[in-house]
Amino acid sequence: MSEPLLQVTDLVKHFPIKRGILIDREVDQVRAVDGISFSIEPGQTLGLVGESGSGKSTACRAVLQLIKPSSGSVRFEGEEIAGSSRRQMRPLRRQMQMIFQDPYASLNPRKRVGQIVGDPLKRQGVASGADLRKRVQELLERVGLSSEHYNRFPHEFSGGQRQRIGIARALALRPKLVIADEPVSALDVSIQAQIINLLDDLQDELGLTYLFVAHDIGVVRHISDRIAVMNKGKIVEEGSADQVCEQPRDEYTKKLLAAVPVPDPREARERQKATLGRQ
Amino acid sequence: MSAAPILAVEGLRVGFATEGGLLQAVDGVSFQVNPGEVLAIVGESGSGKSVTAQTIMGLTRSKNARIEGSVRFEGEELVEASDATLRRLRGDRIAMVFQDPMTSFNPVQRIGRQIVEAMEAHRGDLAKGEARTRTIELFEAVGIPEAERRVDDYPHEFSGGMRQRAMIAMALALEPEVLIADEPTTALDVTIQAQILRLLEDLNRERGLATILITHDLGVVAEVADRVLVMYAGKVVEEGTLEEIFYDPQHPYTWGLLGSLTRLDCPRPVRLPQISGVPPSLLELPQGCAFRPRCPHEFDKCTQVPGLEPRLTEAPEHCDRCWLTPEQKRAKRRVAGQIGLEAPAP
């Protein structure tokens with residue numbers, strides 16, 4: 001087994017609940033992420049599934065140090081990054097990027113596509129001027145857009161195309177790790193498949209490592225090598241994608257899988273009969 | 001069909017005047033719903049499925065809207081009806097559940113109060129306190145725990161699933177004959193979705209409610225629908241029973257939709273079959289079949305719009321809009337590997 005690219009150990013993020021008018025007293029805590037551990041090897045995809053409120057998005061943000069974890073360790077290529085300052089994180093940002101859920105909210109509506117995708121390159125001092133433009137246009141083509149889209153604004157694009165812009169931006173700095181938080185859940189079914197296939201192709205080509213977060217276990221199973229199931233801030237089960245989906249061990253995982261609708265009328269009917277029989 | 005349809009839509013066309021010209025959001029849609037039946041309307045964004053639903057309720061009326069065709073509820077024409085008539089029917093006889101449970105309630109009014117108000121508006125003769133008692137019963141019926149206490153909560157005190165249940169409770173408050181549910185479970189977690197779908201199904205069976213379910217999720221359709229309408233760019237491209245649509249789909253767009261699903265009950269494919277391209281802009285529709293630019297089976301005839309017709313002698317009510325012959329379709333959909341399902345053995 002090779003050394004993991006990302007190793008998370010006992011990661012905890014608690015948010016305080018405060019009461020009081022003049023003096024804020026901490027009365028309780030929301031245990032959004034309550035001691036999770038996982039690791040991802042280079043070139044692999046770990047799918048993190050869970051329902052809303054399970055802590056999966058908080059986990060992503062804590063891994064990337066976008067919010068400060070309460071405790072625990074996050075090692076990237078063996079180096080501890082938990083608790084790093086923004087300044088310390090800056091060079092590492094090149095290595096780890098994020099793709100967001102909502103392609104309507106995650107792109108600045110006042111900036112042109114070229115600026116949006118080129119911004120990380122400029123800020124990290126990787127490219128400028130004509131070189132920058134060329135690299136951005138290459139990126140746009142790589143994600144299935146056209147280099148002529150360089151001067152357009154986000155509102156001129158459909159949801160699926162916007163998500164491609166978000167992917168181009170995340171890939172601009174050639175990161176090793178990409179964290180995708182619900183990257184397809186806002187998209188139409190026929191577009192979802194396109195984006196999933198694109199992410200698959202990019203992984204093969206660029207040797208990317210993914211942490212793929214979603215509530216749709218079908219999508220997660222398709223793209224992941226391993227799956228971790230989160231519930232109430234904890235990982236309740238982890239295993240290979242097929243094992244978790246076909247032979248789940250944990251009760252919560254079983255419940256989650258049973259609730260996913262089967263797009264096959266006969267099987268759906270069989271399942272309904274089975275559930276009714278048990279009640 | 002034995003029972004008389006409670007709602008009949010005939011040649012419905014809805015256009016909106018925009019700066020770019022007339023946007024034909026719904027272009028000649030016809031269907032009927034019978035009591036106790038669930039009709040699913042499936043399509044992507046821009047297919048016209050939500051506009052169809054909203055037009056039935058008279059919610060698309062505006063200076064810029066051009067509405068043609070007919071919507072009959074128990075024989076009464078709604079397209080031409082006065083606002084007063086629609087107000088009388090809306091909520092009372094025909095109710096709607098919207099997609100977004102977060103924004104469909106007034107945030108500064110207690111949830112129970114909003115439902116009571118709707119009941120009182122339609123039933124002036126309700127005794128004092130009766131509407132409230134009834135609201136509590138409804139909350140119990142849709143599975144909201146501690147109903148008596150929770151009717152006095154504000155919307156923000158409810159979770160998404162609870163709000164969706166409250167909205168269904170509100171829709172059912174006046175025992176409507178027709179329920180229009182526009183993506184009722186899309187914003188919900190799967191475990192909650194499963195409960196809401198069961199609930200809708202029970203209501204259908206027990207109260208003989210006619211339901212129009214609008215969704216993009218074929219998994220949800222397979223669980224609850226009796227009949228399915230597939231819409232694309234404002235038109236119905238395929239129509240049939242649940243089994244016909246899933247086991248013998250005739251339109252390449254339906255094949256694409258079925259094929260691109262990620263399925264937990266099948267081994268995963270190396271690559272997900274995908275429909276290439278994006279849905280067309282309704283202002284610049286391609287000539288002929290609107291799906292033509294994305295269709296892998298396009299041929300010269302496709303520059304003319306195919307009619308929505310039955311093409312299978314054995315299934316006279318299974319209609320589609322595609323020029324391919326049934327034999328060609330059966331061969332092509334298998335070769336393309338885009339169908340997730342094998343037809344069941346006869």
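Modeller: Start with α5(A), which is mostly covered: 12 of its 13 residues are buried. The model is predicted. The helix runs over residues 159-171 of chain A. From first C-alpha to last, α5(A) reaches 18 Å, close to the 18 Å expected at 1.5 Å a residue.

Now the buried set. Glycines A:G160 and A:G166 belong to it. So do A:I165, A:I167 and A:L171, along with A:A168 and A:A170. Buried here takes 20 or more other C-beta atoms within 10 Å of the residue's own.

What do these residues pack against? Two strands of chain A are among the partners, β6 (96-99) and β7 (177-181). The helices are α3 (113-123), α4 (129-142) and α6 (189-206), also of chain A.

Step back to the chain. Chain A has 10 helices and 10 strands. Its radius of gyration is 20 Å, close to the 19 Å that the globule rule gives for 279 residues, so chain A is as compact as a globular protein of that length. The C-alpha atoms fill a box of roughly 65 × 55 × 50 Å along the principal axes. Of the 279 residues, 43% count as buried. Take contacts in chain A between residues at least 6 apart in sequence: 64% of them join residues at least 24 apart.

How values were computed:
Residues numbered from 1 in each chain as written. Chains lettered and ligands numbered in written order. Predicted model: local features only at pLDDT ≥ 70, side-chain atom pairs only at ≥ 80, totals over all residues. Helix = DSSP H or I, 4+ residues; strand = E, 2+ residues; numbered from the N terminus. Rg over C-alpha atoms; globule rule 2.2 N^0.38 Å. Contact = placed C-beta atoms within 7 Å. Expected span 1.5 Å × (residues − 1).
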